[in-house]
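Thanks for coming. I will take one structure today and walk through it piece by piece.

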Amino acid sequence: MDQAPTIRTLAAAAGVSKATVSLALRNHPRIREEVRLRIQKLAEEAGYQPNALVTNLLTQLRSSQKASYQSTLGLVYMSDDPVRFKSFTTYQEWVAGCRARAAQVGYKVDEFSLHESSLSPERLVSILKTRNIQGLVVLGPFPGNVIPPALDVVWQRSSSIVVGVRPVHPRLSCVSNDQFSTAAHAVEEVVRLGYRRPGYCLDPEVDNWVEDRFIAGYGSAVRRAGLKKTPPPFAFHPDDEAGFRKWVEKHRPDVILSMHMEIENWLKKMGLKAPDDIGLAHLDRTSTVKRWAGMSQNNESIGIAAVDMVVGQLHRNETGVPLFQKNMFISGSWLPGVTVRQAG
């Protein structure tokens, strides 16, 4: 009976090293496409089957060692004001998670801003080819959650994952916080602390980016908690302190869910102090928000998940817009703070 094919016999038949065969069978991007396909076809014709026990052991051994350099990923900023967005702690935590996971699995990260005057889509494609960058992590937002069609040429030759928002065109896969459950969880926590009139104060542009998932989660949790007379949502704007004052005086929320820390000073001008007179809960309590209670969106975990997704696509040799958009939502976590009353 013929001996079962092995990595060694496949390498001899293909005229390459055992390492090349191993990488090719795992769709590793370091191996040229024509070589991968030739080795995979040879393995299929020979009836090669990997040893599951050996594969599992090697995976454990690799994970216990510092990864060697594999390739480079591109971190692409889509905003027309990248300097402003890079200053946001949320963005910084996304990027920190991306870089940490990339380094852990052996990838470098190069950054690109699509609104640099010299960086046309064709120029970006040329740079990506020159640097052999096939995997991209894309940071929004973009107007109407639509990425300009002129950039389709970039995604057609890349494995791409969008962070933070779900694009409606092209329907690239994405990873973001689960804003619906984040807002709902925040309502559940303040109700547990005894609040009965939670108010919602958020810039409508933020809700627009996330397809109204924050306000939908808030409304759903309010209904499920049986709260009948909650204040109507307030559309925050940094220049509308007077409107905020009227909203508070008319509707008397006992706690406010928001992302806008300006409102604490506005309340102080009204003679109201948190938590004695009114509670405050943040919907994106990043590492720089020290005092407020609220929801951590686990932003670094979002960056980690984005790298895991794009590396998975690279290993499966998946490029272009997927047939079915995959959306991964990372749950948030409640963090205590001095701006709400204490339990009990």
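I start with an open sheet of 6 strands, ordered 2-1-3-4-5-11, with parallel pairing. Its edges are strand 2 (107–113) and strand 11 (327–330), each of which pairs on one side only. From one strand to the next, the twist averages 20°. Keep in mind that this is a predicted model.

Now strand 4, residues 159–163. Is strand 4 mostly covered or mostly open? Mostly covered: 5 of its 5 residues are buried. S159, I161 and V163 point one way, S160 and V162 point the other way, and all are buried.

On one side, strand 4 pairs with strand 3 (residues 135–139) in the parallel sense, over 5 bridges. Within that pairing, G135 stands opposite S159, and L139 stands opposite V163. Strand 4 is also joined to strand 5 (residues 174–177) by 2 bridges, and these two strands run parallel as well. There, V162 has C174 of strand 5 as its bridge partner.

What lies across this sheet? Helix 14, residues 299–315, lies across strand 1 (71–77), strand 2, strand 3, strand 4, strand 5 and strand 11. Relative to strand 4, helix 14 runs at about 165°.

**The cores**

Next, the nonpolar cores. The largest has 26 residues, and the members that touch the most others are V187, V190, F214, Y218, L257, L283 and W334. At least two residues of this core come from each of helix 9 (179–192), strand 6 (198–202), helix 11 (213–224), strand 8 (255–258) and strand 10 (293–296). Helix 9 gives the largest share, 6 residues.

Take W334 as an example. Which residues does W334 contact, leaving aside its neighbours within four places in sequence? They are H185, A186, E189, V190, L193, A281, A293, G294, M295 and V340.

There is also a second, separate core of 25 residues, and A102, L139, A305 and M309 are among them. L139 is the residue I mentioned opposite V163.

**Helix 3**

Now to helix 3, residues 33–46. A quick check on its length: at 1.5 Å a residue, its 14 residues should span 20 Å, and the end C-alpha atoms are 20 Å apart, which agrees.

Which residues of helix 3 are buried? They are V35, R36, I39 and A43. Seen down the helix axis, the buried residues fall within an arc of 100°, so they line one face of helix 3.

What do the buried residues of helix 3 pack against? They pack against helix 1 (7–14) and helix 2 (18–25). On the other side of helix 3, E34, K41, E44 and E45 are exposed. Just after the helix comes G47, with a positive phi of about 75°.

**The whole chain**

Last, the overall numbers. The protein chain has 14 helices and 12 strands. Its C-alpha atoms fill a box of roughly 85 × 50 × 30 Å, taken along the principal axes. Of the 344 residues, 49% are buried. Among contacts with a separation of 6 or more, 71% are between residues 24 or more positions apart.

That is what I have.

Methods. Residues numbered from 1 in each chain as written. Predicted model: local features only at pLDDT ≥ 70, side-chain atom pairs only at ≥ 80, totals over all residues. Heavy atoms only, no water. Helix = DSSP H or I, 4+ residues; strand = E, 2+ residues; numbered from the N terminus. Expected span 1.5 Å × (residues − 1). Buried < 20%, exposed > 50% of the residue type's maximum accessible area, 1.4 Å probe, protein only. Arc of directions from axis to C-beta. Contact = heavy atoms within 4.5 Å. Pairing = 2+ DSSP bridges. Core = buried A, V, L, I, M, F, W, Y, C linked by side-chain atoms within 4.5 Å. Axes fitted to C-alpha atoms, helices over the stretch in contact; angles between N-to-C directions.
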